[in-house]
Amino acid sequence: MERLIDGYRRFRAETWPRERARFEELAAQGQRPRTMVIACSDSRVDPQMIFSAGPGELFVVRNVANLVPPYMPDAAFHGTSAAVEFAVRVLGVEELVVMGHALCGGVTALLQGTPPEARDFVAGWISIAARARDVALRCDAPEARQEAGEHEAVRISLANLMTFPFVAEAVAAGRLVLRGAHFGVATGRLVLLQPDGSFAPP
């Protein structure tokens, strides 16, 4: 905790004076981000840092393996789905980016099996991307399987987003664009999902 407090003190001494006007404006007028990012909870993958975004620019939800479940409005708890609904219906975001990343532990668990210590919730959650395992295992080279699984998990989440009626409606009306991305932790490079299903640099 002491390290966090030290970071807060640096924020108050250095960042706050520089960003104070922006925070005051956000407090007075509310948030109006144009972009939502669904990213992994992995501590090495920070959307705000990767996109050099300031306060109020991104509406971010992070979860294990950056997954979006299919539309399922029932009595269960749906944190990611709630964030998508709020971003699209209330905030009116114009772009929604699903960003996967290299060395994703959730995809590793999908390919190699969930660790025994993480079976209460993680195993069920990553089953959303079960098809990614099948795609990855078709790769001949073992080192290619991880990335293939990560890429397919992004595609699955984008497909699941289109099962949300309000997302599909906004996309059809041209009010919302869905995008897929993948970040290299070791390289710092971002690739974007292309119309043909491949990933390429922007």
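1. Rings of Phe, Tyr and Trp count as a pair if their centres lie within 6.5 Å. By that rule, this predicted model holds six aromatic pairs.

2. One of the pairs joins F11 and F23. F11 is partly exposed, at 29% relative accessible area. F23 is also partly exposed, at 28%. Ring pairs join F11, W16 and F23 into a cluster.

3. Y71 and F164 make another pair. The centres lie 5.4 Å apart and the planes stand at 65 degrees; planes over 60 degrees apart count as edge-to-face, so this pair does too. Y71 sits in the loop between strand 2 (58-63) and helix 3 (79-91). F164 sits in the loop between helix 7 (142-161) and helix 8 (165-172). The pair therefore ties together parts that are 93 residues apart in sequence.

4. F164 is buried, at 2%.

5. Now the whole fold. The protein chain has eight helices and six strands. Along the sequence they run α-β-α-β-α-β-α-α-α-α-α-β-β-β. The radius of gyration is 18 Å, close to the 17 Å that the globule rule gives for 202 residues, so the chain is as compact as a globular protein of that length.

6. Buried residues account for 37% of the 202 residues. Of the contacts with a separation of 6 or more, 64% involve residues 24 or more positions apart.

7. Last, the surface and charge. The chain exposes about 11800 Å², with 54% supplied by carbon and sulfur atoms. There are 21 positive and 23 negative side chains, and the centres of the two sets lie 2 Å apart.

Conventions. Residues numbered from 1 in each chain as written. Predicted model: local features only at pLDDT ≥ 70, side-chain atom pairs only at ≥ 80, totals over all residues. Heavy atoms only, no water. Phe/Tyr/Trp six-rings, centres within 6.5 Å; stacked < 30°, edge-to-face > 60°. Buried < 20%, exposed > 50% of the residue type's maximum accessible area, 1.4 Å probe, protein only. Helix = DSSP H or I, 4+ residues; strand = E, 2+ residues; numbered from the N terminus. Rg over C-alpha atoms; globule rule 2.2 N^0.38 Å. Contact = heavy atoms within 4.5 Å. Areas by Shrake-Rupley, 256 points an atom, 1.4 Å probe, with all protein chains shown as cover. Lys, Arg positive; Asp, Glu negative; His and termini not counted. Charge placed at Lys NZ, Arg CZ, Asp CG, Glu CD.
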